[in-house]
Amino acid sequence: LSALTVIVPAFLIYSQPDFGTALVLFATWVGMVFLAGVRWRHMLLLGIVGIIAAPLLWFNLQGYMRDRVATFLFPDQDPSGASYNVTQALISIGSGGWWGKGLRHGTQSQLHFLRVRHTDFIFSVLAEELGFVGSMLVLGLFAFLILRLLRIAVLARDGCGRLIAAGTATMLLTQAFINLAMNANLLPVTGLPLPLVSYGGSSLMTTLLALGMVQSVVMRHRSGRSALL
């Protein structure tokens with residue numbers, strides 16, 4: 001029954017077309033269902049259904065989506081076209097070195113060799129200008145935030161609060177992982193922003209609303225503890 005509440009909006013989002021956001025929505029649902037205590041055999045059955053449906057999904061993808069997968073698998077086929085921005089992103093990440101070139105001193109980003117540098121490929125800009133140390137700091141902040149969300153899920157007084165916190169953690173983890181892997185050419189390019197970092201009002205508002213709901217779970221836990229004391 002919970003799958004029905006996800007399939008409808010996911011299908012509408014995919015039809016825009018926006019496969020990346022639909023994937024994050026579905027991954028968040030899977031994480032919440034798993035943490036809700038669904039039996040392992042049901043999760044296994046879900047995975048088998050996904051494997052069977054994969055060929056059908058592939059042939060129903062938009063043309064540019066299949067091109068992105070092909071570009072990921074065979075990047076040398078079109079280095080100046082479809083693979084251009086991924087190549088520039090890798091150059092940006094590699095040229096940052098340990099400490100980076102300094103804020104607003106990155107050549108790939110400031111000279112506009114790297115496209116969509118303010119949204120999808122913002123991490124490449126950070127890696128070039130802040131270097132390995134700055135990149136690890138950003139990753140550390142994400143890890144800290146997600147671990148805190150999971151701790152809140154453990155401390156939640158009820159199942160609803162636990163699922164809110166765990167679902168928010170799953171959403172941020174999925175979105176950040178896909179964006180970072182895309183920048184490092186470990187996954188095909190998709191239009192997912194880096195949460196709390198990329199430019200974009202709707203993504204920021206959604207993330208802040210989710211974190212605000214998690215904060216309400218914390219406040220309820222603290223008020224309940226104070227009443228017990």
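Tutor: From the N terminus on, the chain's elements run α-α-α-α-α-α-α-α-α. Helices here are DSSP runs of H or I with at least four residues, strands are E runs with at least two, and both are numbered from the N terminus. This is a predicted model, so local features need pLDDT of at least 70 and side-chain atom pairs count only at pLDDT 80 or more, while totals for chains, interfaces and linings use all residues. Residues are numbered from 1 along each chain as its sequence is written, and side-chain values use heavy atoms, with hydrogens and water left out.

Student: How many helices and strands is that in the chain?

Tutor: Nine helices and zero strands.

Student: And what does the C-alpha trace span along its principal axes?

Tutor: About 60 × 45 × 30 Å. Of the 229 residues, 35% count as buried, where buried means under 20% relative accessible area, exposed means over 50%, and partly exposed is in between (1.4 Å probe, protein chains only).

Student: What share of the contacts with a separation of 6 or more comes from residues 24 or more positions apart?

Tutor: That share is 64%. A contact means heavy atoms within 4.5 Å.

Student: OK, helix packing. How do α1 and α2 cross?

Tutor: The axes of α1 (residues 2-14) and α2 come within 8 Å and cross at roughly 170 degrees. That makes α1 roughly antiparallel to α2. On the cut-offs, angles under 35 degrees count as roughly parallel, over 145 as roughly antiparallel, 65 to 115 as roughly perpendicular, and the rest as oblique. The axes are lines fitted to C-alpha atoms, for helices over the stretch in contact, and angles run from 0 to 180 degrees between N-to-C directions.

Student: Who makes the contact between α1 and α2?

Tutor: On the α1 side there are Ser2, Ala3, Val6, Pro9, Ala10, Ile13 and Tyr14, and α2 brings Phe19, Thr21, Ala22, Leu25, Phe26, Trp29 and Val33. By class, this contact has 12 nonpolar, two polar and no charged residues. Ala, Val, Leu, Ile, Met, Phe, Trp, Tyr, Cys and Pro count as nonpolar, Asp, Glu, Lys and Arg as charged, and the others, Gly among them, as polar.

Student: Now α2 and α3. What's the angle there?

Tutor: Helix α2 (residues 19-35) and helix α3 (residues 40-59) pack at about 165 degrees, with axes 11 Å apart. They are therefore roughly antiparallel to each other. The residues in contact are Phe19, Trp29, Val30, Val33 and Phe34 of α2 with Trp40, Met43, Leu46 and Leu57 of α3. That contact divides into nine nonpolar, no polar and no charged residues.

Student: Switching topic: where is Glu128, and is it buried or exposed?

Tutor: Glu128 lies in helix α7 (residues 122-155). At 0% relative accessibility, Glu128 counts as buried.

Student: Which residues does Glu128 touch?

Tutor: Leaving out residues up to four places away in sequence, its contacts include Ser92, Ser95, Gly96, Lys101 and Ser109. The side chains of Glu128 and Ser109 are joined by a polar contact of 3.5 Å. A polar contact is a pair of N or O atoms within 3.5 Å; within protein, one must be able to donate a hydrogen and the other to accept it, and residues adjacent in sequence count only if both atoms are side-chain atoms.

Student: What about Asn183, buried or exposed?

Tutor: Asn183, which is in helix α8, has 0% relative accessibility and so counts as buried. A polar atom of the Asn183 side chain lies 2.8 Å from the backbone oxygen of Asn179. Beyond four places in sequence, Asn183 touches Ala89, Leu90, Ile93, Asp120, Phe121, Ile122, Phe123 and Ser124.

Student: Last one. Where does Ser198 sit?

Tutor: In the loop between α8 (159-183) and α9 (201-228). Ser198 counts as buried because its relative accessibility is 12%.

Student: And what does the Ser198 side chain reach?

Tutor: The Ser198 side chain reaches the backbone oxygen of Thr119 at 2.6 Å. A polar atom of that side chain also lies 2.7 Å from the backbone nitrogen of Leu194.
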